Amino acid sequence: MAAALKVMFLGRCASLLPLSRRRFLSSDSGNDLAKAIGELNKEMESVFGEPPTSSGIAGSVENHAMNDELQGSEFVPTNNVEKQSVSGLTHIGSKGEAQMVDISLKEVTTRVATASCKVILGREVFRLVSANQMGKGDVLGVAKIAGICGAKQTSSLIPLCHNINLTSVCVELRLNPLDFSVEIEGEAASSGKTGVEMEAMTAVTIAGLTVYDMCKAASKDIQITDIRLEQKSGGKSGDWSRKKP
C-alpha cells in the first residue's frame, strides 16, 4: 500500500511541475528545478519516513520531460536523412559534399550520345543568315566548328566531368523556315568508362551560343531553347532514347 501511495505521489508531484521546470535548457532553470526537487524530497521523507531513491522525483521528472519533448517533435534518424538526401546522386558523397565519380572499376564500352538545340532567329535575321549576308560571315559554318571545339573542352567547363578521349564529334545545323530558327544536332562518341552525354550537350550549346554571337548585331531578341539529350547508348545503364519506338 505504501509503495502504491509513493508511486501516486511521485507522479502527482512531477505533473504539477510546470513545463519550463521540466526542461534542462539553462543554468537558471536547472537551479530552480534542483531547489524544487530538494523541497519535495524533504516532504516525501516526512510522509514516508525515508529519503527517496535516486530514481524517485528526479527520474520521474526527467521521464516526463523526455516524453513531452518526443511528443512535440518528430524523430528522424540522422543516418536516414543523409541516405535520402544523396540517394541516386553519384556526384554527391555520403556527407552531401561534391565529388568526382571514381570510374576505375567500370568496363570499357562504346558510348554514343546525341543532343539537340534550337536557336530562334526571327524573320529578318533568318533571311540574312539564309543569304549568308551577316557581317561576321558564315554563321552556320563557324557555329559547327565551335560546337566541335566545345565538346572537346567539356571537362574544363563542367567541374566534375571526366577528361575523356572522344573518338568522334559531329555537329549539324539546319535552317527551319517554319519558325525562322536554326536546328542544331550534335553527336559525341567514345570508347571508355564513362558516358558522353555532356559532351554532346556541350557541343550543341556552344554551337547555339556561336549562332547568337554571329547574329547579335542584327537582333538581341534571338532565343536559344530546347537544349536536351535525345539518346544515348553504352555503359551500365544501357540504351535510352527520348523518342518513343
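Sorted by class, the residues that line the second largest pocket are two nonpolar, one polar and eight charged, where Ala, Val, Leu, Ile, Met, Phe, Trp, Tyr, Cys and Pro count as nonpolar, Asp, Glu, Lys and Arg as charged, and the others, Gly among them, as polar. This is a predicted model, in which local features need pLDDT of at least 70 and side-chain atom pairs count only at pLDDT 80 or more, while totals for chains, interfaces and linings use all residues. Residues are numbered from 1 along each chain as its sequence is written, and side-chain values use heavy atoms, with hydrogens and water left out.

The lining of the second largest pocket consists of Ser-116, Cys-117, Lys-118, Arg-174, Glu-183, Ile-184, Glu-185, Asp-226, Arg-228, Glu-230 and Lys-243. At least two of its residues come from each of strand 1, strand 3 (181-192) and strand 4 (223-233); helices (H or I, at least four residues) and strands (E, at least two) are DSSP runs, numbered from the N terminus. The space in this pocket amounts to about 210 Å³, a volume being the space filled by probe spheres set on grid points that are joined across faces, edges and corners. On a 1 Å grid over the protein atoms alone, a pocket is an open set of points with protein on both sides within 12 Å along at least five of seven lines, a cavity is a set of points where a 1.4 Å probe fits but cannot get out, and lining residues have an atom within 4 Å of a point.

The largest pocket holds about 620 Å³ of space. Its lining is made up of 24 residues, and those nearest its centre are His-91, Lys-106, Thr-194, Gly-195 and Glu-197. Two or more lining residues are given by strand 1 (109-120) and by helix 8 (197-215), and helix 8 has the largest share, with three residues. By class, this lining divides into seven nonpolar, nine polar and eight charged residues.

The residues lining the largest cavity are Arg-111, Val-112, Ala-113, Gly-195, Val-196, Glu-197, Lys-232, Ser-233 and Gly-234.

How many aromatic pairs does a search of the whole structure find? There is one, where rings of Phe, Tyr and Trp (its six-membered ring) pair if their centres lie within 6.5 Å, and planes under 30 degrees apart count as stacked, over 60 as edge-to-face and the rest as tilted. The pair joins Phe-126 and Phe-180 edge-to-face, at 5.7 Å centre to centre and with 70 degrees between the planes. Because Phe-126 lies in helix 5 (residues 123-130) and Phe-180 in the loop between strand 2 (168-176) and strand 3, the pair ties together parts that are 54 residues apart in sequence. Phe-126 is buried at 9% relative accessibility, whereas Phe-180 is partly exposed at 22%; buried means under 20% relative accessible area, exposed over 50% and partly exposed in between (1.4 Å probe, protein chains only).

Thr-154, in helix 7 (residues 154-157), is buried with a relative accessible area of 1%. Apart from neighbours within four places in sequence, Thr-154 is in contact (heavy atoms within 4.5 Å) with Cys-161, Met-198, Glu-199 and Thr-202.

As for the cysteines, Cys-149 is partly exposed at 39%, while Cys-215 is buried at 0%. The count of disulfides (pairs of cysteine sulfur atoms within 2.5 Å) comes to zero.
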